[in-house]
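Please look over the fold first.

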Amino acid sequence: MNSVAAAAVHIFGVRHLSPGGSLHLLELLQEVQPTAVLIEGPADANSEIHHLTNRNTTPPVAILAFTEDIPVRTVLWPFAAYSPEYQAMKWAAENGAHAAFIDLPSSVTVAMQQLRSEAKETGEDDDTVTGERSDTDTSSDSYFPNDSSIYSRIAAIAGEYDYDMYWERNYELNPSKGAYQESIIAFSTQMRELTEEDERQHQRVEYAYNAVREAYMRRQIQDTIASGHEPNRIVVVCGAYHAAALAHDSHVMTDQECTQLPSRKTKLTLMPYSYYKLSSMSGYGAGNNAPNYYEMMWERMRTNTLEELPHYYLSSIARWMRETGNHRSTAEVIEAVRLAEALAAMHGGSAPTLRDLRDAAQTLLGRGDLSVIAEALARVDVGTAIGSLAEGVSQTPIQDDLNRLLKQLKLEKYKTTVATDLSLDLRENRRVTSEDSAFLDLNRSTLLHRLAWLGISFAKLHPSGQEHATWAEHWVIQWSPEVEIQVVESTLLGETIEVASAYVLQQKLDSCTTIADASLLIRTACDCRMLEQMETARQTLQRLAADSRDVVQIAAAAKELSMIIGYGGLRRMDTARLLPLLEQLFMRACLFLQDAAQCNDEAANDMMSAMNELNRISLEHSDQVDEALWLQELLHLSERDDRNPRLSGFACAILMERHAITAQQCAEEVSRRLSPGIPADLGAGWFEGLSQRNRYALLSRQSLWEQLNAYIVSLSDDEFARALVFLRRAFSSFAPREKTMIAELLGELWGVHADQAAEILTGELKEDEVKMIDELNDFDFEEF
């Protein structure tokens with residue numbers, strides 16, 4: 001591109017989210033009436049421009065590029081309604097001008113993004129010079145490399161609080177025609193002169209990346225001229241940092257250089273975006289701190305009523321405060337406007353900046369307290385707006401499938417950045433006539449479970465608040481741009497939500513090695529209503545269980561199967577094939593119970609939980625499982641002296657609760673276990689296990705407490721110290737009322753008044769007693 005042609009092209013540098021930039025750009029476009037509008041953006045996304053400018057598309061929206069292979073890498077180019085690039089596209093569409101993106105194709109951008117990340121990891125690039133955005137936001141560069149010291153100095157010289165305040169006052173609120181374009185070129189030239197040497201030394205990869213981009217954009221400009229457009233009828237819209245380079249430098253990327261660019265195959269799609277994600281609060285480096293405020297500014301610029309912005313902004317703050325119970329009068333709003341205008345005048349500005357408005361709001365509406373208006377500021381500054389795409393706009397198949405399902409299941413209204421509760425009743429609604437309506441909540445649940453299984457964080461399942469109500473589910477739903485990205489990334493797994501979910505489940509089953517994992521996968525298949533995968537999971541679990549002797553894992557798997565069988569009908573799933581497997585698991589758990597009970601106290605905790613589950617299953621599925629075998633094995637365990645005493649005691653407690661042993665048998669076992677001469681850890685440990693269930697049955701047996709009392713009295717001092725560990729642990733789980741009842745029982749045994757015994761046993765410990773307990777905690781039992 002020769003220098004004469006380059007000088008004739010209109011280069012318009014912008015901040016990527018700049019209402020002032022959009023206003024001045026439109027003035028230039030109206031004046032020049034270009035035949036071609038060239039825009040910084042991925043050159044392979046030109047086909048998306050007509051979708052972006054569709055009258056039914058509502059910003060904020062974004063172009064999303066994603067790789068076709070794993071690991072998936074993504075790059076975003078977001079646009080707000082007031083983005084100069086978006087307004088340039090709209091103007092071109094409305095005026096019949098050619099519009100095109102001229103930056104590196106997304107395939108190259110993704111590959112170079114990876115090189116930049118690797119340079120940072122290896123220390124080749126020092127990131128103190130150039131500010132970076134998150135990995136998903138690296139394509140649309142911030143308006144300048146973020147040398148914070150330079151920007152701080154600029155703000156300080158200008159007498160502004162920070163650089164954003166300086167920028168808004170001098171660029172966004174500058175009404176002078178032509179001043180924006182000329183000042184950006186001058187500013188870009190001087191900034192590059194100040195930072196270029198540091199970039200060459202410390203940011204070599206970053207410097208090269210920008211040089212490659214600019215050479216490529218010059219090539220696109222040259223090609224546009226070669227295609228027949230007069231240079232002076234071409235307008236180029238680019239980031240301000242690149243404006244000077246495109247206006248003055250001359251190197252154009254050659255064909256050979258183009259072929260040498262790194263590349264990763266990508267696909268493109270469009271997605272709705274949100275103001276929160278556009279804001280710098282989310283970590284997006286090219287964003288601003290108040291996208292909703294800048295939309296307010298843009299709307300007033302369009303109607304030539306910018307002087308009304310302070311009134312509208314502060315009225316919005318007051319309105320939000322009133323809605324949340326903090327009334328503020330019209331007079332206070334008027335005074336706040338006057339204060340903001342006075343603050344602007346003190347800095348030589350023609351209108352208040354956002355900082356001036358926030359200070360005025362805090363002073364008069366917050367009455368000096370920022371916390372009073374903090375929520376209102378967040379709502380009014382950042383906003384909760386989410387963009388939307390016209391129906392049929394180019395998207396990936398899985399995005400189309402999700403949008404179709406959200407519409408079909410009446411979930412579209414939940415596509416908001418504000419977290420919303422959704423309670424579901426999975427039972428058939430018999431008050432409606434159509435099947436779709438009768439099972440609407442069930443179908444909603446299926447979709448939400450599938451999305452969660454795919455790692456798409458659109459909805460999170462919370463406790464329903466209805467204990468034992470298997471038909472109730474409570475979800476918290478919240479949409480975000482990350483959700484859309486997660487959906488797009490799932491394209492590699494399948495073209496629909498159902499196919500992708502089934503693919504992931506099958507992968508998990510293929511690599512499954514434990515019965516606990518296999519049982520959870522059966523549960524997932526049921527929740528997601530994937531019958532074929534549930535059968536595969538059943539076969540996997542059956543294969544793994546055939547060789548397992550781990551009672552804890554077997555019980556966990558049986559628990560999952562029991563729950564699925566119990567409520568599988570709610571999900572309209574045939575669970576009959578799971579019954580033989582439940583029977584098999586239950587039988588194996590019974591047969592290996594004695595072996596598993598030969599464990600230490602730490603493992604005994606898990607075993608007690610497993611025994612609880614197995615006992616519940618024997619009660620709830622007595623027709624399917626061998627209940628007699630379970631009670632027989634519990635009896636054997638309760639009688640054994642060579643197994644963990646806590647588990648023997650726990651087995652005895654279950655048998656007592658189920659009336660599977662007589663009162664005489666119980667009394668004999670208690671007498672045997674708590675006899676003088678029985679080692680302290682065995683007797684006290686057995687009592688601890690016994691006390692874990694059916695407390696009132698224990699409290700009603702006077703003979704048990706007599707035997708426990710006699711047993712403790714018979715212990716030597718060292719034996720008592722050892723037994724006390726088990727007894728403290730046992731009684732620590734008793735409720736205060738239960739402890740009082742025990743105290744009364746012991747009072748009767750000792751011939752002490754019940755109230756007096758309760759006062760002594762449940763009262764505060766004395767200092768010497770606390771010291772004794774502390775010494776016990778430090779006691780070394782390994783010496784025994």
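Helices (H or I, at least four residues) and strands (E, at least two) are DSSP runs, numbered from the N terminus. The protein has 38 helices and ten strands. This is a predicted model: local features need pLDDT of at least 70, side-chain atom pairs count only at pLDDT 80 or more, and totals for chains, interfaces and linings use all residues. Residues are numbered from 1 along each chain as its sequence is written, and side-chain values use heavy atoms, with hydrogens and water left out.

**Overall burial and contacts**

Buried means under 20% relative accessible area, exposed over 50%, and partly exposed in between (1.4 Å probe, protein chains only). Of the 784 residues in the protein, 52% are buried. Contact means heavy atoms within 4.5 Å. Among contacts with a separation of 6 or more, 76% join residues 24 or more positions apart.

**Two helix pairs**

Axes are lines fitted to C-alpha atoms, for helices over the stretch in contact; angles run from 0 to 180 degrees between N-to-C directions. Angles under 35 degrees count as roughly parallel, over 145 as roughly antiparallel, 65 to 115 as roughly perpendicular and the rest as oblique. A crossing is left-handed if the near helix is turned anticlockwise from the far one by less than a right angle, and right-handed if clockwise.

| Helix pair | Axis separation | Angle |
|---|---|---|
| α15 (residues 330-346) and α16 (residues 354-365) | within 8 Å | roughly 140° |
| α14 (residues 309-323) and α17 (residues 370-381) | 9 Å | about 125° |

α15 and α16 are therefore oblique to each other. Their crossing is right-handed. On the α15 side, the contact includes Val-333, Ala-336, Leu-339 and Leu-343; on the α16 side, it includes Leu-357, Ala-360 and Leu-364. For classes, Ala, Val, Leu, Ile, Met, Phe, Trp, Tyr, Cys and Pro count as nonpolar, Asp, Glu, Lys and Arg as charged, and the others, Gly among them, as polar. The contact of α15 with α16 has ten nonpolar, one polar and four charged residues.

α14 and α17 are likewise oblique to each other. α14 passes α17 in a right-handed crossing. Among the contact residues are Tyr-313, Ile-317 and Trp-320 of α14, and Ile-373, Leu-377 and Val-380 of α17. This contact divides into nine nonpolar, one polar and three charged residues.

**Buried spots**

In helix α21 (residues 481-489), the buried residues are Pro-481, Val-483, Glu-484, Ile-485, Val-487 and Val-488. They pack against β3 (61-67), β4 (74-79), β7 (266-272), α12 (275-278) and α18 (397-408).

Ala-240 lies in helix α10 (residues 240-248). Ala-240 counts as buried, at 0% relative accessibility. Its C-alpha is 6.2 Å from that of Ser-188, 52 residues apart along the chain.

**Cysteines**

A disulfide is a pair of cysteine sulfur atoms within 2.5 Å. By this rule the count is zero. Cys-526 is in no disulfide; the nearest cysteine sulfur, that of Cys-528, is 9.3 Å away. Cys-526 is buried, with a relative accessible area of 0%. Cys-258 counts as partly exposed, at 23%.

**Backbone geometry**

The peptide bond from Pro-59 to Pro-60 is cis, with omega near 5°. Pro-60 sits in the loop between α3 (49-52) and β3.

Arg-529 has a positive phi, near 50°, though it is not glycine. Arg-529 is in the loop between α23 (515-527) and α24 (531-545), and is partly exposed at 22% relative accessibility. Arg-572 also has a positive phi, near 60°. Arg-572 is in the loop between α25 (551-567) and α26 (578-591), and is partly exposed at 43% relative accessibility.
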